[in-house]
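Please keep the model open while you read.

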Amino acid sequence: RIPALIYNLKKQLMKTLAFAILLLVFGNICSAQNETTNLEVTINNVKNDNGVVLLALHSEDTFMKLKPVKSLQAKIVDGHIKATFTGIAKGEYAVLAIHDENENGTMDFNTNGMPKESYGASNNDMSFGPPVWSDSKFIVGRENQSIAIRF
């Protein structure tokens, strides 16, 4: 009778241990998938303190489209802004920025199609024409990081 009791206790202990290990492994996998980080963006050459700077964090799918992954609005102080995107998953992103001087929420253009307001993109590769994904993209890992954009 006692050996059967010990056998049943061992069997129950093994089941409990296996279940605990399974929960631990599954929990680690889920937490690794939910890891997020922060991205701080600075711009130090805004031409004046009028209006705000609009910042948009884009994935390749949303780049140069109206719906970014995340967006922020930053107040300009002495020609500088600092803003932080929070809760970003690991991956490839690009940041687009516009100095919205008249605070109308969009980039304004001259009649010839040239922008009236300053703009910039991550990696600061501002060739002729609008920003390009391949020139603007960067990788966000697990660590918080900072980028600087120039207008």
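1. A word on terms before the residues: buried means under 20% relative accessible area, exposed over 50%, and partly exposed in between, with a 1.4 Å probe and protein chains only. By that scale, glutamate 92 is partly exposed at 35%. This is a predicted model, in which local features need pLDDT of at least 70 and side-chain atom pairs count only at pLDDT 80 or more, while totals for chains, interfaces and linings use all residues. Residues are numbered from 1 along each chain as its sequence is written, and side-chain values use heavy atoms, with hydrogens and water left out.

2. Let me start with the salt bridges (a side-chain nitrogen of Lys or Arg within 4 Å of a carboxyl oxygen of Asp or Glu). The count is three. Glutamate 92 pairs with lysine 137, the closest N and O atoms being 3.6 Å apart. Glutamate 92 sits in strand E5 and lysine 137 in the loop between H2 and E7, so this pair ties together parts that are 45 residues apart in sequence. Helices (H or I, at least four residues) and strands (E, at least two) are DSSP runs, numbered from the N terminus. Lysine 137 is partly exposed, at 32%.

3. Another salt bridge joins arginine 142 to glutamate 35, with 3.6 Å between the closest N and O atoms. Arginine 142 is in the loop between strand E7 (138–140) and E8, and glutamate 35 in the loop between helix H1 (2–33) and E1, so the pair ties together parts that are 107 residues apart in sequence. Arginine 142 is exposed at 55%, whereas glutamate 35 is partly exposed at 28%.

4. Glutamate 101 and lysine 47 also form a salt bridge, at 3.4 Å between the closest N and O atoms. Lysine 47 is exposed at 56%, and glutamate 101 is partly exposed at 22%.

5. The whole structure holds one aromatic pair. The ring centres of phenylalanine 63 and tryptophan 133 are 5.5 Å apart and the planes are at 70°, so the pair is edge-to-face. Here rings of Phe, Tyr and Trp (its six-membered ring) pair if their centres lie within 6.5 Å; planes under 30 degrees apart count as stacked, over 60 as edge-to-face and the rest as tilted. Both phenylalanine 63 and tryptophan 133 are buried.

6. Two backbone angles deserve a look. Most residues other than glycine have a negative phi. Glutamate 103, however, has a positive phi near 50°, and asparagine 124 has a positive phi of about 55°. Glutamate 103 lies in the loop between strand E5 (91–100) and strand E6 (119–121). Asparagine 124 lies in the loop between E6 and H2 and counts as buried at 18% relative accessibility.
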